[in-house]
Amino acid sequence: LLDEVGELPPEAQAKLLRVLQEGAVQPVGSDSAMKVDVRLLAATHVDLRRAVDEGRFREDLYYRLAVFPLTVPPLRGRLEDLPRLVEVLLEDQSGRTGRRGLRVGEAGLAALRAWRWPGNIRELSNVLERAAIIAEGPVLGPAELGMVAPTPTVGGSATLDEAQAAHIATALRRSAGRIYGPDGAAERLGMKPSTLQSRMKKLGIDRRAFER
């Protein structure tokens, strides 16, 4: 599997083309080539046809790779897959988080469907891992996912700290963990960065959990 093949510099493109044409590689430190028989999968987020037209990708290499092209739509274009993706990601992360049996409730799924996911699966994975770490129960809702602040309900309401934590988490997630600068979390919240950092320390919020 060659990931992000569209980002290869010109000299690397030439070397890859030679390998595909000759079916051989020359190991580092060796004086002779070695025949290989492999099935190659290449992945990229780059529009290779456009890259060829713009002179950023070799046309001969493009046709060597584009034997059986598959186009995978971004996450926002296949939201019907969210429930299964969430299930698989939570199970995969359980070894790291130590949280097994977690699931996203209907309110949480609705919140996930409403987001545009500019970071695709990686962003979804980060959101779920953070939620798994902070959740107290087995069901992840909008508050745990950092999608919206908790809404008071009849017979009970979120504490002030819980509401503030969810609001800050939303801003941090949308700014990819950045506190300072334009579109940083502090600007989004209308706060001084130093004030936000102090509030985060009090609430036990780590901005690194939102980086991507």
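Residues are numbered from 1 along each chain as its sequence is written, and side-chain values use heavy atoms, with hydrogens and water left out. Because the model is predicted, local features need pLDDT of at least 70 and side-chain atom pairs count only at pLDDT 80 or more, whereas totals for chains, interfaces and linings use all residues.

A search of the whole structure finds one aromatic pair, where rings of Phe, Tyr and Trp (its six-membered ring) pair if their centres lie within 6.5 Å, with planes under 30 degrees apart counted as stacked, over 60 as edge-to-face and the rest as tilted. Y62 and Y63 form this pair, which is edge-to-face, with 5.1 Å from centre to centre and 70 degrees between the planes.

| Residue | Relative accessibility | Class |
|---|---|---|
| Y62 | 17% | buried |
| S30 | 24% | partly exposed |

S30 and E136 are 106 residues apart in sequence and, C-alpha to C-alpha, 56 Å apart in space.

The charged end of R173 sits over the ring of W115, 4.3 Å from its centre; the criterion is NZ of Lys or CZ of Arg within 6 Å of the ring centre and within 35 degrees of the ring normal.

Conventions. Buried < 20%, exposed > 50% of the residue type's maximum accessible area, 1.4 Å probe, protein only.
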